[in-house]
Amino acid sequence: MEGPEEHSSLAALLDRALAGDGRSAARLMTLLESDVDATPAIMSRIYPLAGHAQVIGVTGPPGAGKSSLVDKLAAAFRAQGKTVGIVAVDPSSPFTGGALLGDRIRMQGRFSDPGVFIRSMASRGQPGGLAKASQNVVALMAATGKDTVIIETVGVGQEEIDVVRVADTTVVVLVPGLGDAVQTMKAGLLEAADVFAVNKADYEGAERLVKDLELMLHLGSSGSAWSPPIVKTIATEGSGVDQLVGSLAGHFDYLQGSGEYLKRRRRAAVAEIDGVLRGQLMSAIARRVPAFDVYASQVAERKCDPYTAADRILRESGLTAEGLG
Amino acid sequence: MVIAKAGMDGHDRGAKVVARVLRDAGFEVIYTGLYQTPESIVATALQEDADAVGISVLSAAHKHVFSETAREMRQQGLDDVILFGGGIIPPGDVEWLEQQGVRRLFLPGTSGPEIVAWLQQAVSAQRASGSGG
């Protein structure tokens with residue numbers, strides 16, 4: 001726990017960030033990434049203020065052109081007079097913990113625009129396509145007044161779709177030339193799409209990809225009133241971006257008009273609470289059960305199974321007298 | 001850690017090699033790409049809450065790039081962010097640049113481990129001394 005002095009400096013940092021100071025906001029983002037003790041105080045202050053922004057997730061396989069598309073989307077929102085926050089996630093090395101975050105390379109046009117705040121985040125071993133603190137950083141951007149927040153995931157395969165719990169609207173960016181990948185990706189990534197962007201639409205195979213997606217959407221009618229539009233884009237030239245922005249606005253209108261917005265918010269809330277609870281339970285258990293490592297060794301040596309170990313750990317923690325039963 | 005290439009100079013091999021070396025040493029490195037201005041470099045460092053900014057200049061514009069970046073950093077209140085760099089810089093200019101606020105310049109021939117060791121030490125000293133995060 002923090003002392004009173006630390007607490008007041010955190011409160012001052014929050015005051016400055018909410019008054020529009022970018023450096024203070026950046027500091028808070030670092031704290032959200034790295035300081036579990038400071039996080040609850042930051043979140044309790046910003047969370048009520050974070051509800052007005054439209055949060056757009058951009059995901060897709062590596063090299064699909066996500067960063068370039070995010071750059072062009074940001075430019076389009078700026079042209080509408082909206083301020084933009086961008087959270088760009090890239091993978092950490094599982095071996096060294098280091099990371100090379102290169103999404104900014106494609107966003108150079110935005111660097112000197114005070115209406116755009118870009119934050120790179122390393123995934124730090126978190127599965128799911130985002131960093132652990134990504135959702136909180138998105139909330140901070142919204143709370144500091146960004147009208148639109150775009151969150152770009154790491155290059156994903158089929159199942160790293162945590163972004164749907166953070167974003168109001170998820171864009172799945174695909175490119176021609178992934179062969180029969182559409183078939184194999186049916187479950188997972190493709191289901192995450194509220195809007196499809198078929199990028200590099202000038203490449204061979206783009207028409208075929210569009211047809212495949214149309215067929216898949218037609219066959220897999222989900223019973224939802226919203227059918228994901230398929231927008232052809234060439235991000236490097238900016239072509240198709242206006243249609244994409246139109247589709248995003250259309251989806252946001254649909255969400256709010258249909259009541260789906262609240263349903264999604266509720267689902268996301270359950271996931272958020274779940275994530276925080278797990279974290280807090282694990283750290284409470286780690287504090288209370290110093291023999292955790294001993295249990296881990298026993299399981300590793302197959303002297304004990306993980307279920308029995310978990311049950312004993314829970315009893316020993318005193319969090320429940322009955323264990324898991 | 002922000003690694004940038006400044007000015008009208010398309011030679012980014014050195015910057016990429018350094019970025020990679022730092023990544024492999026466990027740093028989180030934000031690579032900005034080519035043709036950065038002092039203003040865009042400092043805006044990036046501010047938004048990313050960087051501990052350090054490294055700039056590679058091979059275009060003979062080093063005096064301008066480094067001094068302007070240092071000035072812009074002071075103006076934006078980033079006094080506690082470490083500014084370092086490398087490239088083709090006449091040894092005679094090094095002292096002047098250090099007076100402008102560049103903490104360290106690595107000239108051609110510097111080894112990766114040398115940069116890593118210096119940076120690790122400089123970052124931990126900076127964090128210990130100040131409010132750095």
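Hi everyone, let's start in a loop: Pro127(A) sits between β4 (116-122) and α5 (134-143) of chain A. Keep in mind that this is a predicted model. Is Pro127(A) buried or exposed? Pro127(A) is exposed, because its count of other C-beta atoms within 10 Å is 9, and exposed here means 12 or fewer.

Now to a strand, β6(A), residues 169-174. Here 6 of the 6 residues are buried, so 20 or more other C-beta atoms lie within 10 Å of each one's own. In a regular strand, side chains alternate between the two faces of the sheet. For β6(A), one side carries Thr169(A), Val171(A) and Val173(A), the other Thr170(A), Val172(A) and Leu174(A), and both faces are covered.

Which strands pair with β6(A)? One is β1 (54-59) of chain A, parallel over 4 bridges, with Thr59(A) opposite Val172(A). Another is β7 (195-198) of chain A, also parallel, over 4 bridges; there Val173(A) has Ala197(A) as its bridge partner.

Finally, the contact between chains: chain A gives 25 residues and chain B gives 24. On the chain B side, α1 (13-24), β2 (28-31) and α2 (38-47) each give two or more residues, and α2(B) has the largest share, 6 residues. By class, that side has 9 nonpolar, 8 polar and 7 charged residues.

Methods:
Residues numbered from 1 in each chain as written. Chains lettered and ligands numbered in written order. Predicted model: local features only at pLDDT ≥ 70, side-chain atom pairs only at ≥ 80, totals over all residues. Contact = placed C-beta atoms within 7 Å. Nonpolar A, V, L, I, M, F, W, Y, C, P; charged D, E, K, R; others polar. Pairing = 2+ DSSP bridges.
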